[in-house]
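Colleague: I am new to this structure and would like to learn how to read its core and its pockets. Could you take me through them step by step?

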Amino acid sequence: MGLAQTQQVLAQLYTNTEFRGRFFANPQAVGVELGLSDDEVQKLAEVSSQEVNIFANSLKWKRLGEIRELLPRTAKVLGKNFNTLFWRYAETYLPTGIKKHRDDAIAFANFMIKVAQNENLEPAWIGDLVRYEKTWLLTYEPGICLKFCWLRYAIHRDFTAKPTLAIWWRWSGRSQLRHIIL
């Protein structure tokens, strides 16, 4: 097993709860699935499952902290439910790339929007607030920008049910991002 393959298996152990459980329950079977030799499986199985779980949890807490900073109003409104939703979401998506925190926050926002629609998440306007903060994240791309976000609630004021339009624009890559809520 080369270094790259070892790193891939370790990354899966640290980030995929289901994979981690399967591997430590039966390392030989999972090793065969991955095409590993007996020696390679033995070396990976010698890694402490407890230490892997501790490290995996620390990675998730770090992700949660990053996302909390990128979706601050949603995190504040949802309180502990924000964490609960994140733990559910974290099992379904693993960010990659150079903009992974932003992409992770956008993917988590999409997850929360679906949960808000399907599970009647409270307060009723939380889906609008998530969409509003998600749109902010989408405006971080450099260059010309024009984004609209239709909302059912006045999320910028008192959260009353009132049709609201949020608009973001930047006319060039060097100009400042503008924002208005109508």
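Predicted model: local features only at pLDDT ≥ 70, side-chain atom pairs only at ≥ 80, totals over all residues.

Colleague: How many residues does the largest nonpolar core have, and which have the most contacts inside it?

Modeller: In soluble globular proteins, nonpolar side chains tend to be buried together. A nonpolar core is a set of buried Ala, Val, Leu, Ile, Met, Phe, Trp, Tyr and Cys residues joined through side-chain atoms within 4.5 Å, where buried means under 20% relative accessible area, exposed over 50% and partly exposed in between (1.4 Å probe, protein chains only). Here the largest core has 33 residues, and those with the most contacts inside it are Ile67, Leu71, Phe82, Leu85, Phe108 and Met112. Among the elements that give two or more residues to this core are α5 (49-70), α8 (100-119) and β1 (145-153), and α8 gives the most, with 9 residues. Helices (H or I, at least four residues) and strands (E, at least two) are DSSP runs, numbered from the N terminus.

Colleague: Which residues does Met112 touch?

Modeller: Contact means heavy atoms within 4.5 Å. Leaving aside residues up to four places away in sequence, Met112 touches Leu71, Thr74, Leu78, Phe82, Leu85 and Val130.

Colleague: Which residues of the largest pocket lining are closest to its centre?

Modeller: Rolling a probe the size of a water molecule over the atoms shows where empty space is left. On a 1 Å grid over the protein atoms alone, a pocket is an open set of points where a 1.4 Å probe fits, with protein on both sides within 12 Å along at least five of seven lines, and lining residues have an atom within 4 Å of a point. Of the 14 residues that line the largest pocket, Leu59, Arg63, Leu94, Pro95 and Lys100 are the closest to its centre, and α5 gives the most to that lining, with 6 residues.

Colleague: Is Asp128 buried or exposed?

Modeller: Asp128, which lies in helix α9, counts as buried because its relative accessible area is 2%. Asp128 is also one of the residues that line the second largest pocket, and, not counting residues up to four places away in sequence, Asp128 touches Leu151, Arg152, Tyr153 and Ile155.

How values were computed: Residues numbered from 1 in each chain as written. Heavy atoms only, no water.
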